[in-house]
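Work through the exercises below with the model open. Try each task before reading its solution.

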Amino acid sequence: MEHACHPVSGCEPPCREPLGRPCARPHRQAWLRAPWAGPTAQCQAKGVATGFLCWGCGWWLLGVQVLEVGPVRKLLIVVVALFAALFAASVWLLRRDSSPSPKLIILGIDGLDSRMVSRLMAQGEIPALRELYGRAAVGTIRNSDLGLPPVSPAIWTTFATGALPNTHGIHGFVFKADRGWELFRSTNRKVPAFWEIVSQAGKSVGVVNWWFSYPPEEIRGFLVTDRYFEAEVAGLSAITYGRATGNEAPPTYPLELVGQVRISRRQALPKVLSAADAAQLDGTMLMLAYQAHQVVPVETLLIYLNGLDRVSHMAWDAQDQEGLGGNEVRQHIRNVDGFIADVLRRAHVKSHLVILSDHGFEANQKNEGPRGIHESKEAADSALILLAGPAIKAGVDLGAVSPLDVLPTLLALADVPLPEGIPGSILRQAFLPGARNFEALEKRRRYARLPAVEGEIRAKGSATDAVDQATKERLRALGYIE
Ligand SMILES: [Zn+2]
């Protein structure tokens with residue numbers, strides 16, 4: 001394996017496993033399967049040259065050595081061999097470039113505890129993260145200083161908007177409405193999110209499974225909302241949304257994604273009780289992201305994974321002497337490491353990778369509720385931020401980072417000017433000198449909330465109600481809502 005030519009993924013080729021599944025070991029053949037992914041031009045050139053040589057040698061052996069032919073035919077065979085090799089190489093290159101890799105990939109991993117990551121790295125259990133740390137700027141996100149509650153949707157919305165809950169409006173999971181407790185929706189968010197800002201700056205962005213991204217806004221790119229999975233599991237998306245009834249907002253934008261980004265029954269999983277369940281869930285989300293990107297290629301891709309959060313709540317083992325949550329949790333952090341390796345192998349030479357988490361985890365000492373929780377100050381302040389890629393200075397310790405600085409830093413990576421009125425600032429110390437024009441990025445602009453896709457008038461007993469019900473049941477099982 002060679003790392004000289006790629007600041008993030010090295011020369012290691014992508015894996016042959018189905019998209020979204022961790023790779024056991026790298027396979028070169030996979031280059032053909034993920035046309036937008038790939039190593040550097042240098043690696044690529046090496047691959048083409050080797051293929052060229054092998055192809056040419058084969059023909060030469062067959063034509064010149066095995067068959068006994070005259071000198072004119074020999075020459076003809078060599079010329080044909082050269083043209084054939086050239087043709088094969090250009091077809092291969094065209095295929096690869098047909099759908100380019102995202103320039104910025106943001107992986108949100110709910111509940112990834114920076115303390116546990118450090119311990120598991122020291123034990124050599126998570127090689128991809130360990131290697132990435134050496135090439136990245138890494139910090140711990142401190143939520144408690146700002147009184148940000150350790151409630152996932154509030155924190156993920158703060159990451160996406162650069163604002164605190166009192167400003168962005170997403171305080172938790174549910175709010176009291178006229179007809180009872182209702183799940184928050186994107187329409188409850190009062191300020192523009194990352195994907196709206198990036199779209200208005202003229203760049204494309206894709207979002208998968210981010211908290212309360214339903215109903216989707218009409219962005220430049222795609223949105224596979226947090227309700228899509230539930231809708232698919234309930235078998236509702238194809239029936240209702242697929243035929244755009246006019247009174248239901250679709251769970252994806254554009255609507256056409258519903259037909260093209262599909263999960264199988266096998267991937268539909270209501271409960272996460274083990275590392276295997278969590279891997280299936282996260283693998284499905286990654287697969288949805290890759291599928292959507294194939295249909296609507298984007299420059300920036302945000303993927304939110306909640307398998308670790310769910311398995312940590314359900315299967316935390318308080319007896320684990322090292323405070324690593326026991327076998328299931330530990331195994332799923334290893335799985336997540338495999339997914340990160342997978343994403344890296346598919347990343348392009350100029351891609352940046354960001355890994356974010358919202359809080360850590362700890363054992364629940366009470367006799368009721370979920371087995372793992374994140375209520376203490378320590379858990380709230382053990383969230384992780386990791387930045388890697390060509391603009392990032394390797395080995396920078398960012399220390400304690402404010403959650404309000406996440407959005408400005410993500411926008412700087414995407415090369416998008418910051419919005420007016422947000423208190424945070426770019427983590428400039430993470431960037432290489434001259435990698436970004438901070439003065440230009442700091443010339444703040446006004447960005448609007450984009451309209452959500454229409455059709456949000458809901459009738460009782462509608463498909464949306466059934467999906468909301470399924471989501472509420474899941475949250476109840478985790479002890480999030482009553
Ligand atoms: Zn969380």
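The exercises go from the whole chain to the sheet and then to helix packing.

This is a predicted model: local features need pLDDT of at least 70, side-chain atom pairs count only at pLDDT 80 or more, and totals for chains, interfaces and linings use all residues. Residue numbers start from 1 along each chain as its sequence is written.

**Exercise 1. State how many helices and strands the chain has, and what percentage of its residues count as buried.**

Solution. The chain has 16 helices and 13 strands. Helices (H or I, at least four residues) and strands (E, at least two) are DSSP runs, numbered from the N terminus. Next, burial: 48% of the 482 residues count as buried. Buried means 20 or more other C-beta atoms within 10 Å of the residue's own, with C-beta atoms placed from the backbone.

**Exercise 2. Give the strand order of the open sheet and find its edges.**

Solution. Start with the order: β7-β6-β5-β8-β1-β9-β12-β2-β13, nine strands with mixed pairing. β7 (252-253) and β13 (397-401) each have a single partner strand, so one side of each lacks a neighbour in the sheet. Strands pair if DSSP finds at least two bridges between them. Now look inside the sheet. β2 (residues 136-141) runs antiparallel to β12, joined by six bridges. There, Val138 stands opposite Leu386 in β12.

**Exercise 3. Describe how α14 packs on the sheet and how well it is covered.**

Solution. First, α14 touches β1, β9 and β12, and its direction makes about 165° with that of β9. Angles run from 0 to 180 degrees between N-to-C directions, with axes fitted to C-alpha atoms. Second, eight of the eight residues of α14 (residues 406-413) are buried. Among them are Val406, Pro408 and Leu413. Third, the buried residues also pack against helices, including α5 (152-161) and α7 (194-200). Just after α14, Asp415 takes a positive phi of about 60°.

**Exercise 4. Work out how α11 and α12 are oriented, and which residue classes meet.**

Solution. α11 (residues 307-315) and α12 (residues 326-346) pack at about 170°, axes 9 Å apart. That makes α11 roughly antiparallel to α12 (over 145 degrees). Residues in contact (C-beta atoms within 7 Å) include Leu308 and Val311 of α11, and Val329 and Ile333 of α12. The contact residues divide into six nonpolar, four polar and one charged. Here Ala, Val, Leu, Ile, Met, Phe, Trp, Tyr, Cys and Pro are nonpolar; Asp, Glu, Lys and Arg are charged; the others, Gly among them, are polar.

Definitions and conventions:
Buried ≥ 20, exposed ≤ 12 C-beta atoms within 10 Å, placed from the backbone. Contact = placed C-beta atoms within 7 Å. Parallel < 35°, antiparallel > 145°, perpendicular 65-115°, else oblique.
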